[in-house]
Amino acid sequence: MKFGKEFTTHLEETLPEWRDKYLCYKPLKKLLNNLPPTDGGDNPTPHLQDWFVRILNEELDKFNDFYVDKEEEFIIRLQELKERIERVKEKSGKDGVLTKDSEFSDEVMGIRKDLVAIHGEMVLLKNYSSLNFAGLVKILKKFDKRTGRLLRLPFTQLALDQPFFTTEPLNRLVRECEENLELLFPLEAEVVESDATAEEPTGATTSYASNVSPALPLGEENVDIYRSTLAAIKAIQGLKKASSTYNPLSFSYIFGNQDIDSTGAITAENSDSDQSVASQSDKETDQEDSHPPE
């Protein structure tokens with residue numbers, strides 16, 4: 001499936017209140033398709049790049065504001081849940097260990113549901129980061145091809161350093177959430193194990209669906225989160241499979257290194273691969289552009 005269709009499908013399946021926080025991919029694609037193609041001479045719109053960069057910067061601001069707000073919200077919600085867990089453990093009177101009587105109390109079941117919900121939202125936010133970055137890369141490819149400019153490389157480097165793509169703090173929250181879930185589910189594997197998260201730091205882990213126990217009463221309010229998270233994971237997995245190259249701008253490289261300590265900077269040392277990257281990217285863009293505008 002082409003990226004545009006994957007992106008549109010995900011927007012349709014994600015949480016309604018999140019939809020306007022994503023990249024305006026379809027309008028930007030239509031805008032680029034309506035630009036006059038370059039003929040190798042002077043571009044008829046000399047200020048086109050400045051204008052387009054302003055649009056993309058507004059999109060970056062939107063991503064960053066939403067991402068940072070959600071991350072701060074998760075910190076507060078997770079802390080409140082940890083405090084609730086401690087109160088239950090204190091009440092159990094068994095050296096802070098949950099007893100069988102308390103393990104399935106209404107209070108503990110409520111905490112479990114809330115932990116599963118926030119875990120799903122955290123994974124969804126990690127995929128929000130990856131999908132928006134992927135959309136930016138695709139739009140930049142189209143811009144360069146349509147105008148003959150070379151905006152993709154510098155703007156991609158700028159995006160790599162943005163708060164919305166700095167996901168290590170969020171990864172720590174996910175791991176902390178999983179540790180608390182394991183505390184409440186000592187004999188079952190209802191949640192994604194921390195080792196799996198470490199191996200797949202983008203959150204696109206295949207075990208998410210199988211490890212959230214169908215026996216756990218998610219509650220109607222959490223079903224949409226569960227479905228949206230699975231849709232996001234599916235979209236990211238599709239992108240990683242579609243990328244057949246392993247270079248500084250391929251999706252498999254970027255998503256595979258998103259949460260590693262290195263900055264992912266594109267420097268002179270790896271710039272020799274840029275031409276092969278561009279070749280692969282142009283092939284992907286050609287495939288999309290060969291279809292009528294959506």
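Figure 1. Gly 148, which directly follows helix 5, adopts a positive phi of about 80°. The model is predicted: local features require a pLDDT of at least 70 and side-chain atom pairs a pLDDT of 80 or more, whereas totals for chains, interfaces and linings use all residues. Residues are numbered from 1 along each chain as its sequence is written, and side-chain values use heavy atoms, with hydrogens and water left out. Helices (H or I, at least four residues) and strands (E, at least two) are DSSP runs, numbered from the N terminus.

**Figure 2. Span and burial of helix 5.** Of the 42 residues, 35 are buried (under 20% relative accessible area; exposed is over 50% and partly exposed in between, with a 1.4 Å probe and protein chains only). Lys 138 belongs to helix 5 and counts as buried because its relative accessibility is 7%. The C-alpha atoms of Lys 138 and Phe 3 are 8.3 Å apart, although 135 residues separate the two in sequence.

**Figure 3. The largest nonpolar core around Leu 136.** This core has 54 residues, and Leu 115, Met 122 and Leu 136 have the most contacts inside it. A nonpolar core is a set of buried Ala, Val, Leu, Ile, Met, Phe, Trp, Tyr and Cys residues joined through side-chain atoms within 4.5 Å. Two or more residues each come from helix 1 (3-13), helix 2 (25-33), helix 3 (48-92), helix 5, helix 6 and helix 7 (168-184). Helix 5 gives the most, with 18 residues. Beyond four places in sequence, Leu 136 touches Leu 23, Leu 56, Leu 60, Phe 63, Phe 155, Ala 159 and Phe 164 (contact: heavy atoms within 4.5 Å).

Figure 4. Cys 24 is partly exposed, with a relative accessible area of 33%, whereas Cys 177 is buried at 0%. The structure holds zero disulfides (pairs of cysteine sulfur atoms within 2.5 Å).

**Figure 5. Confidence of the model.** The average pLDDT, the predictor's confidence in each residue from 0 to 100, is 74 for the protein, and 58% of the residues score at least 70.
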